[in-house]
Amino acid sequence: MDKTAISSYKALVAQYGTPISVEDFKALRSFATERKIRLSGFKDFVGDIETIKKVIDDIAEIAVDFPLILDEKCGIRLELDYGLGTDFATTESGHIIHLNAGYFSNLKELEREYEEAVSEGRFVKGTDWRAIARHETGHVVAELYHVDPLSLTFELLQTRSRLAAFEYLTDELSVYSTEYEDGREIISECFSAYYSKVGNQFAEQFLQKVGEDR
Amino acid sequence: MKSYSEAMYWKKNKEWYVANYDKDRYELTKAAPPRAIESFRMYLRQNDLPDNPVPINFGEDVYV
């Protein structure tokens, strides 16, 4: 990054607040390293590191069932991103989870927007912002364990009709799970539900099947 | 994970769309407001589905 780009980036960060102290950064990095999760960009985090520690714990919990997600070469890297716009988080290259710095440094706003989506049926009923890391980790599991979410859904629902499956998922999982016809959001919404322990029947069946097939 | 997706706005109200199993696709009903119609077009584009012009024909039961 050249000097102009660095200056411009620092100005962007300053819009959100003052970055965490060196001590806090080291504590956060140590917390992540103990759980085998690599961090990137968090020196510029302006929020409460306890929020990020919760994200790390949410990923680590899933790694008990799917250890490949913490593999030294292809495992998860958590990256702070100031350029995600209205996305809470994204997953890139199958294993790099980008967290939206704007949302994750303002937990109240993050909670408010997430709750609004749940109330409208866009996200799984009963989940909260903690489901975001679980959702993204679902994408990583799909990649590393070669899960085809749509085929699995057809099998569980005993149908070959995408439309019938999507109608079921709209009512029983979330609208977001039906956003892409290839079913990519089905697995992530199932992870969101299952690891949030909201008792979603379809998500529980889905995770059981993923576990059997891996 | 998107905080909000305009491409799914059309699914906000079940009176705005139907699942047409004969054609294996969603269709909008005449109750769909303009914003839902534009949202449905976004959904079609996002999924590389045929982006048929949506006829504004209130004499029909369904659009697209």
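Colleague: At what angle do the axes of helix 9 and helix 10 of chain A cross?
Modeller: In this predicted model, helix 9 covers residues 184-195 and helix 10 covers residues 201-213 of chain A, and their axes come within 8 Å. Angles of 65 to 115 degrees count as roughly perpendicular, and the two helices are therefore roughly perpendicular to each other. The crossing angle is roughly 105°.

Colleague: How do the residues of that contact between helix 9 and helix 10 of chain A divide by class?
Modeller: From helix 9 of chain A come C190(A), A193(A) and Y194(A), which meet A203(A), E204(A), F206(A) and L207(A) of helix 10. Glu counts as charged. The division is six nonpolar, no polar and one charged.

Colleague: Which elements of chain A do the buried residues of helix 3 pack against?
Modeller: The buried residues of helix 3 of chain A are I52(A), V55(A), I56(A), D58(A), I59(A), A60(A), I62(A) and A63(A). The 17 residues of this helix, 49-65, should span 24 Å at 1.5 Å a residue, and the end C-alpha atoms are 26 Å apart, which agrees. The buried residues of helix 3 pack against helix 2, strand 4 (96-100), helix 4 (101-104), helix 6 (131-144) and helix 9 of chain A.

Colleague: How far apart do the C-alpha centres of domain 1 and domain 2 of chain A lie?
Modeller: The domain assignment gives 3-118 as domain 1 and 143-213 as domain 2 of chain A. Their contact takes 10 residues from domain 1 and five residues from domain 2. On the domain 1 side, these residues are five nonpolar, two polar and three charged. The C-alpha centres of the two domains lie apart by 26 Å.

Colleague: In what order do the elements of chain B run?
Modeller: Chain B has 64 residues, of which 30% count as buried. There are one helix and three strands in this chain. From the N terminus on, the order is β-β-α-β.

Colleague: Is D48(B) buried or exposed?
Modeller: D48(B) is found in the loop between helix 1 (34-46) and strand 3 (62-63) of chain B. Although D48(B) is not a glycine, its phi is positive, about 55°. Because D48(B) has 9 C-beta neighbours inside 10 Å, it counts as exposed.

Colleague: How do the residues of the side of chain B that touches chain A divide by class?
Modeller: The contact takes 18 residues from chain A and 14 residues from chain B. The residues on the chain B side divide into six nonpolar, three polar and five charged.

How values were computed
Residues numbered from 1 in each chain as written. Chains lettered and ligands numbered in written order. Predicted model: local features only at pLDDT ≥ 70, side-chain atom pairs only at ≥ 80, totals over all residues. Axes fitted to C-alpha atoms, helices over the stretch in contact; angles between N-to-C directions. Helix = DSSP H or I, 4+ residues; strand = E, 2+ residues; numbered from the N terminus. Parallel < 35°, antiparallel > 145°, perpendicular 65-115°, else oblique. Contact = placed C-beta atoms within 7 Å. Buried ≥ 20, exposed ≤ 12 C-beta atoms within 10 Å, placed from the backbone. Domains from an automatic or database assignment. Expected span 1.5 Å × (residues − 1).
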